[in-house]
Amino acid sequence: MSSQERILIIFIRLLQGNKLSKIDLMEEFHKNGSTIQRDIAIIDELLHKLNSSLPASKFSPFKNLGELDHSHRGYYQLTDFSQSSYMDDYELFMIFKVLFASRGFHENELKTIYYKLFANVSNQYTMDRLLSNERFYYEGVPKQDLYPTIKLLLNAMLNQQKVEFSYTKNGETKIFKRVPMDIYFSDLYFFMISAKHTTKDDTDFDALNKFRINNMTHITILNEHESVEYANRFQGGVLRNQTALPFFGEPITLVIDFFYEPAYVLDRFPNSVIKRVNSDGSHRIEIPANNGYGVKMWLLEQGAHVKVISPKYIQNYLIDNMKKTLSYYDISINEEKPNLSQ
């Protein structure tokens, strides 16, 4: 093996995040300590040149390789580069937990992703012991792998091409033609989005613009292109901050009194603001939300913990739904709706 090959092998291992021992390198390459030190010196000089010449890019992990860490005598590591470029076991643990909790993948697909990530775990025995229960009992919502479908839809989206597909909802199946605008994940499902996030979630089946990808079949990319104006783009980040569940709607300012820990509101709606603490101990909270079904569902879930102050039509929606629910238990409330405005 030539010296160039040896130096290249050492350099690649450093880029892979390995901590290299001088003694191990001497034994592996059958070289004395001074030879290994010269190799490391060459790598040090190369790193200095690379760090000053690599183009700056926020999308590249190689924008700065850092300096070789000599702080532990007899060991070499690109510590800064490794920490900024590779996930440690604690970061991987958090990602695994989120993947299991999402239930968004078919079991086989989850296993594929899991083991690809697991290959990067340093202490695999401990990690497997920590995750074995959730991995064993994992039940994904999709009945088939989503990767091929999502890949196809992403290609159509990037090329602004229409797709034709069959879609089933409430036992009814129809054929649709839509231009994918985004792939959005929320509340167990991956969705294909084909309209702006302020579009009404229409109950008319023919007017749907949000499709659960696991319910889409017989998908074909058509040779039909349709560009989307920038003003009409789907903004998933905005939608996620406005609603607890994946439903479109027009922006509104929702004002509520919340009779429980306000963090449950502030965490769910990150742009919400506590305006005051009321005399009864509740918190008056102002929420930049939307008027879609997701916000209404979330309000109904809160039960006696929430009182809607405005808008008025959201008040009426909750009252009507509570009355209907009580009627299921043969409890009738016939009095007029109270005036809840303040």
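The accessible surface of the chain amounts to about 20700 Å², and carbon and sulfur atoms account for 52% of that area (Shrake-Rupley method, 1.4 Å probe; for residues, only the protein chains shown count as cover). The structure is a predicted model, in which local features need pLDDT of at least 70 and side-chain atom pairs count only at pLDDT 80 or more, while totals for chains, interfaces and linings use all residues. Residues are numbered from 1 along each chain as its sequence is written, and side-chain values use heavy atoms, with hydrogens and water left out.

The chain contains 12 helices and 12 strands, where helices (H or I, at least four residues) and strands (E, at least two) are DSSP runs numbered from the N terminus. Its radius of gyration is 28 Å, well over the 20 Å that the globule rule gives for 342 residues, so the chain is more spread out than a compact globule (radius taken over C-alpha atoms; the rule is 2.2 Å times the number of residues to the power 0.38). Along the principal axes, the C-alpha atoms fill a box of roughly 95 × 60 × 40 Å. Of the 342 residues, 38% are buried, where buried means under 20% relative accessible area, exposed over 50%, and partly exposed in between (1.4 Å probe, protein chains only). Among contacts between residues at least 6 apart in sequence, 64% join residues at least 24 apart; contact here means heavy atoms within 4.5 Å. As for charge, there are 39 positive and 41 negative side chains, and the centres of the two sets lie 1 Å apart. In this count Lys and Arg are positive and Asp and Glu negative, with His and the chain ends not counted; each charge is placed at NZ of Lys, CZ of Arg, CG of Asp or CD of Glu.

Turning to individual sites, threonine 243 is found in the loop between helix H9 (236-242) and strand S9 (251-258). Threonine 243 is buried, because its relative accessible area is 5%. Not counting residues up to four places away in sequence, threonine 243 touches Phe269, Asn290, Gly294 and Val295. A polar atom of its side chain also lies 2.8 Å from the backbone oxygen of leucine 245.

Aspartate 69 belongs to the loop between helix H3 (33-53) and strand S2 (75-76) and counts as partly exposed, at 24% relative accessibility. Leaving aside neighbours within four places in sequence, aspartate 69 is in contact with Tyr75, Tyr76, Gln77 and Thr79. With threonine 79 there is a polar contact between the two side chains (2.7 Å); such a contact is a pair of N or O atoms within 3.5 Å, and within protein one must be able to donate a hydrogen and the other to accept it, with residues adjacent in sequence counting only if both atoms are side-chain atoms. Aspartate 69 and threonine 79 are 10 residues apart along the chain, and their C-alpha atoms are separated by 6.1 Å.

Some backbone details are also worth a look. Arginine 103, in the loop between helix H5 (89-102) and helix H6 (107-118), has a positive phi near 55° although the residue is not glycine. Arginine 103 is partly exposed, at 35% relative accessibility. Aspartate 187, another non-glycine residue with positive phi, has a value near 50°. Aspartate 187 sits in the loop between strand S5 (182-186) and strand S6 (189-193) and is partly exposed, with a relative accessible area of 42%. Finally, the peptide bond from serine 310 to proline 311 is cis, with omega near 5°; proline 311 lies in the loop between strand S12 (306-310) and helix H12 (312-327).
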